Amino acid sequence: MSDPERELRVSKIRNGTVIDHITAGQALNVLAILGIDGDEGVGVSIGMNVPSDKLGTKDVVKVEDRELSQGEVDVLSLLAPEATVNIVREFEVVDKKRVERPERVVGLLTCPNHNCITNQDEPVESAFGVVDDGVRCEFCGEIVREDIGDHLAVH
Ligand code: CTP
Ligand code: ZN
């Protein structure tokens, strides 16, 4: 057994949301998707490439004084399918949920196809359907299979 006192890299929080078991290296993309950039003034702690029994290494994001909803976190499943979302109140985990794959993702990703209408300065919002092997642009059919975080419109 590992000693939890030695393992803990990021302090426990009193109230808020802990997104745990994030695919290693994706923490900053997770924050970008959630629209959290520090300007809100809430406490944000990030652990990157920390040891994990289940995953080898993982990232962890803790957002204080904000309880993220299932809908807000489901889009994270595209980057971090193993993520767990823990709602913390008065230091206790009161709710733990898995991220679930959404059916579509609107306004969050840019299409890699330069000829796509969504890249032509038209007032068109990007929309991708979630398919088995990635996400598929609803306008041109382009499929993004890997490194979805590299196509975030919110960076
Ligand atoms: N956590 C926190 N602050 C708290 C309570 C929990 O930051 N006041 C964090 C823990 O450090 C952990 C996550 O929230 O990263 C989930 O906590 P918990 O369910 O207690 O841990 P585990 O049982 O290890 O979770 P799992 O089974 O999901 O791995
Ligand atoms: Zn497209």
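This report describes the fold, the domains, the nonpolar core and the ligand surroundings of a predicted model.

## Basis of the description

Because this is a predicted model, local features need pLDDT of at least 70 and side-chain atom pairs count only at pLDDT 80 or more, while totals for chains, interfaces and linings use all residues. Residues are numbered from 1 along each chain as its sequence is written, and chains are lettered from A and ligands numbered from 1 in the order in which they are written.

## Overall architecture

The secondary structure of the protein chain comes to 3 helices and 9 strands, where helices (H or I, at least four residues) and strands (E, at least two) are DSSP runs numbered from the N terminus. Read from the N terminus on, these elements follow the order α-β-α-β-β-α-β-β-β-β-β-β. Taken along the principal axes, the box filled by the C-alpha atoms of the protein chain is roughly 55 × 30 × 20 Å.

Of the 155 residues in the protein chain, 26% are buried; a residue is called buried if 20 or more other C-beta atoms lie within 10 Å of its own, exposed if 12 or fewer, and partly exposed in between, with C-beta atoms placed from the backbone. Two residues are in contact if their C-beta atoms, placed from the backbone, lie within 7 Å. Among contacts between residues at least 6 apart in sequence, 63% join residues at least 24 apart.

## Two domains

The domain assignment of the protein chain gives domain 1 (4–98) and domain 2 (104–151), with bounds that come from an automatic or database domain assignment. The C-alpha centres of the two domains lie 26 Å apart. At their meeting place, 6 residues of domain 1 are in contact with 5 residues of domain 2. The side of domain 1 that touches domain 2 divides into 4 nonpolar, 2 polar and no charged residues; here Ala, Val, Leu, Ile, Met, Phe, Trp, Tyr, Cys and Pro count as nonpolar, Asp, Glu, Lys and Arg as charged, and the others, Gly among them, as polar.

## The nonpolar core

A nonpolar core is a set of buried Ala, Val, Leu, Ile, Met, Phe, Trp, Tyr and Cys residues joined through C-beta atoms within 7 Å. The largest one has 29 residues, and those with the most contacts inside it are Ile-19, Ile-22, Val-30 and Leu-76. At least two residues of this core are supplied by each of E1, helix H2 (27–34), E3, E4 and strand E8 (134–137), and the largest share, 4 residues, comes from H2. The core also draws at least three residues from each of domain 1 and domain 2.

Leaving aside neighbours within four places in sequence, Ile-19 is in contact with Val-30, Val-60, Val-61, Val-73, Ala-83 and Val-85. Ala-83 itself is found in the loop between helix H3 (70–74) and E4, and Ala-83 counts as buried because 23 other C-beta atoms lie within 10 Å. Not counting residues up to four places away in sequence, Ala-83 touches Ile-19, Asp-20, His-21, Ile-22, Leu-76 and Val-99.

## The sheet from E6 to E9

An open sheet of 4 strands has the order E6-E7-E8-E9, with antiparallel pairing; two strands pair if DSSP finds at least two bridges between them. Strand E6 (104–106) and E9 stand at the edges with a single partner strand each, so one side of each is left without a neighbour in the sheet.

Strand E7 (residues 127–131) and E8 pair over 4 antiparallel bridges and form a hairpin with 2 residues between them. In this pairing, Phe-128 has Cys-137 as its bridge partner in E8, while Val-131 stands opposite Gly-134. E8 is in turn joined by 2 bridges to strand E9 (residues 143–144), again running antiparallel, and there Val-135 stands opposite Val-144. The hairpin of E8 and E9 has 5 residues between the strands, and in this hairpin Gly-141 takes a positive phi near 85 degrees.

## Around ligand 1

Ligand 1 is surrounded by Lys-12, Ile-13, Val-18, Asp-20, Val-60, Lys-62, Thr-84, Asn-86, Val-88, Phe-91, Val-93 and Lys-96, where a residue is near a molecule if its C-beta atom, placed from the backbone, lies within 6 Å of it. Two or more residues of this shell come from each of strand E1 (16–23), strand E3 (56–64), strand E4 (84–89) and strand E5 (92–98), and E4 gives the most, with 3 residues. The residues of the shell divide into 6 nonpolar, 2 polar and 4 charged.
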